[in-house]
Amino acid sequence: MAMSEDAAAAAETPQPAAPRRGRVRLKRTALMAVPAIAAGGVLMALTAQGVLAAQFSISGMPFTITADKLDGQGFAQFGSLDSMIPDSPNAGSTGGQVLVAVSAIKTAQITNLCQSVDLGGVNLVIHAGDGGTPVSATNLTTDSDLLSGDAEFTNIEIGGDASTFTKAGPVGKGNPGVFGQQADTVLLTNLKQHNYASTAVGFKLPNLRLSFSSQGC
C-alpha cells in the first residue's frame, strides 16, 4: 500500500535523538568539585603540618597512659581548658570544662606503652611498643590533669609566654599570657598520665594489642 504524502514527509524528517538516561556531565561535575577538593586538601595539609590544631569536644571520660620510657625531641608544656559537648552526661560538677596541662612533643619514641579507659566495670586496654621496637609519634600532644614519673630536660626554659614557644613546633604554642615551659629534649621514665585528650599527626604502634580487662594500666 502506498503511503500518503503527509506520512512520507514525516518519515523523511529527521527525528530528534532520544535523551540518554542516567548520563552524567562529568566535566561540569569535576569543575564544581575542584574548589571543595582544593579547600579540603589545604585544610588536611595544614593540619598535617601542625599549623591548625585538631580541635574536638572531649568525651569527659579520662584515660590512663603508662610507659617505661618516653624519649622526646622538642618539648613544650602549658595550661589549657578542654571542653565537653553541651549537657554532656560526663560533665559532673565540672561545668563541662576540665583544666589540663598540655604536653607537646615534636617527635617521640615510647617504650612499653599501655593505654586504658574504664568503660564502667570493664577496661579497654591497648598495649604497644614492647616487642623491641618503640612506639613513634610526631607532633604529639596530651592533655593531662595528672602526670608522674622521672623527668630529664636539656636547655629548659620555665615561665615563658606559651604563645612564643618554638621548640615543639606549631602544636607547642599556647594562648597569649599563659605560663609554660619548653626544652630541646625530654626524657621521661616510669611515666604515668591521667588524660582527657591526645592528638598526633603521625602515630606508629608496633606489636599493637587491644583487649578488654578487669584491670587497667
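**Close-up 1. Asn 155, out in the open.** Asn 155 is exposed, with 54% relative accessible area. Here, buried means under 20% relative accessible area, exposed means over 50%, and partly exposed is anything in between, using a 1.4 Å probe and protein chains only. Asn 155 belongs to the loop between strand 5 and strand 6 (157-161). Strands, by the way, are DSSP runs of E with at least two residues, while helices are runs of H or I with at least four, and both are numbered from the N terminus. Although Asn 155 is not a glycine, its phi is positive, at about 50°.

A word on what you're looking at: this is a predicted model, where local features need pLDDT of at least 70 and side-chain atom pairs count only at pLDDT 80 or more, while totals for chains, interfaces and linings use all residues. Residues are numbered from 1 along each chain as its sequence is written, and side-chain values use heavy atoms, with hydrogens and water left out.

**Close-up 2. Strand 2 and its two neighbours.** Strand 2 (residues 97-111) pairs with strand 1 (residues 63-83) in the antiparallel sense, over 14 bridges. To count as paired, two strands need at least two bridges between them according to DSSP. Look for Gln 73, whose bridge partner in strand 2 is Thr 107. Strand 2 also pairs with strand 5 (residues 135-154), again in the antiparallel sense, over nine bridges. There, Ile 110 stands opposite Val 135 of strand 5.

Close-up 3. Thr 111 sits in strand 2 and counts as partly exposed, at 29% relative accessibility. Asn 112 is in the loop between strand 2 and strand 3. Asn 112 has a positive phi of about 60° without being a glycine, and with a relative accessible area of 26% it is partly exposed.

**Close-up 4. One disulfide, Cys 114 to Cys 217.** Searching the whole structure turns up one disulfide, taken as a pair of cysteine sulfur atoms within 2.5 Å. The sulfur atoms of Cys 114 and Cys 217 are 1.9 Å apart, and the link is left-handed, with -85° about the S-S bond. Cys 114 is in strand 3 (residues 113-118) and Cys 217 in the segment after strand 9, so the pair ties together parts that are 103 residues apart in sequence. Cys 114 is buried at 6% relative accessible area, whereas Cys 217 is partly exposed at 30%.

Close-up 5. Met 61, Leu 119, Val 122, Leu 210 and Phe 212 make a nonpolar surface patch of about 450 Å². Patch residues have over 30% relative accessible area and no salt bridge, with nonpolar side chains (Val, Leu, Ile, Met, Phe, Trp, Tyr) joined within 5 Å and like charges within 9 Å. Accessible areas come from the Shrake-Rupley method with a 1.4 Å probe, and for residues only the protein chains shown count as cover. Phe 212, in strand 9 (residues 209-213), is exposed at 55% relative accessibility.

How values were computed. A salt bridge is a side-chain nitrogen of Lys or Arg within 4 Å of a carboxyl oxygen of Asp or Glu.
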